[in-house]
Every structure is written in C-alpha cells, then in structure tokens.
Amino acid sequence: MEVSPNSGEDMAAPPPHEAYADAPDLRREMHQVLALGAERDGRRARSVTGPPVDALAAERAWLLRRAALMDRMALDDPRPGPLSAAAETAEKLVLHDRRHPDLVAGPLRPDAITLAPSRRLYVRQEYAAWTAAGRPGT
C-alpha cells in the first residue's frame, strides 16, 4: 500500500540544515540559478568547457535548484510572498518529476505527493539526493 505523505511526519526528507548543508550561500546560488535560467532560455550561451549536458537532466537540475533556492529563502523569510514562491517552484519540480520519474533520486516518488505542504519536503529530499549523487545535470 502506498502512503501519501500529506504532512512532514510521513516524509523521509532531511531537515533543511541537512538537505542544504552543501548548498552555496543564498546570494551565490541565486546568481547561479539565474545564469542557468538564462542559458535555458537562450539569453546566454552555455560555456563549452565541460562535457555535453543532457537537456532533460539540465532542465531538472535548474528546476530543483530553483525550488531549493525558494525553499531556503522562505525558511529565512516566512512571509506570504516567499512562501508562495517556494510552493510554486516546488510544484513545478513535482510536475516535472511526475513526467520523468526516471530522474527522481530520493526514496519518495513525486506521485506520492498530494498536498502542497509536502512538496517543499520533496524538494529537500531531492536536493539532498542530487547533492549526494554529485549534482548531475549541471
């Protein structure tokens, strides 16, 4: 039987300080996420110093980093604006991962998420797993 973790109690997500332990500081991460978004949208050319990037993995890495950034900002400033941005970007990651379940790294699948509060926990789970896997797609 599959469990729908609609609260943090049922979710295997690490706490924020663990999930984001290896994350760049907020200012640096914001700059990097904006740069990835510009590359994604064609407003900036990608540097060709590294190996070719899988487009789907790169898209997911951008969605994940953006959702994690918004989650971290909402943790620092829990007003409605940052909370809404965190929820919206988490939802976009969940929708992407439902379409591409082979890219999910953590134990909880995106189709197990049914209510918004758990979506930010899903972001933390996936960010921690992505970091542990060596940050693929970047």
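Good morning. Among contacts in this chain (heavy atoms within 4.5 Å) between residues at least 6 apart in sequence, 71% join residues at least 24 apart. The model is predicted, so local features need pLDDT of at least 70 and side-chain atom pairs count only at pLDDT 80 or more, while totals for chains, interfaces and linings use all residues. Residues are numbered from 1 along each chain as its sequence is written, and side-chain values use heavy atoms, with hydrogens and water left out.

Of the 138 residues, 38% count as buried, meaning under 20% relative accessible area with a 1.4 Å probe and protein chains only.

I turn to the core. A nonpolar core is a set of buried Ala, Val, Leu, Ile, Met, Phe, Trp, Tyr and Cys residues joined through side-chain atoms within 4.5 Å. The largest one has 25 residues, and Tyr 20, Leu 64, Leu 93, Tyr 122, Val 123 and Tyr 127 have the most contacts inside it. The elements giving two or more residues to this core are α3 (55-76), α4 (80-99) and α5 (116-132). The largest share, nine residues, comes from α3. Leaving aside residues up to four places away in sequence, Val 123 touches Tyr 20, Leu 64, Ala 67, Ala 68, Ala 90 and Leu 93.

Finally, helix α2 covers residues 26-40. Within α2, Glu 29, Val 33, Ala 35, Gly 37 and Ala 38 are buried. Thank you.

Methods:
Helices (H or I, at least four residues) and strands (E, at least two) are DSSP runs, numbered from the N terminus. The expected span of a helix is 1.5 Å times one less than its number of residues. Buried means under 20% relative accessible area, exposed over 50%, partly exposed in between (1.4 Å probe, protein chains only).
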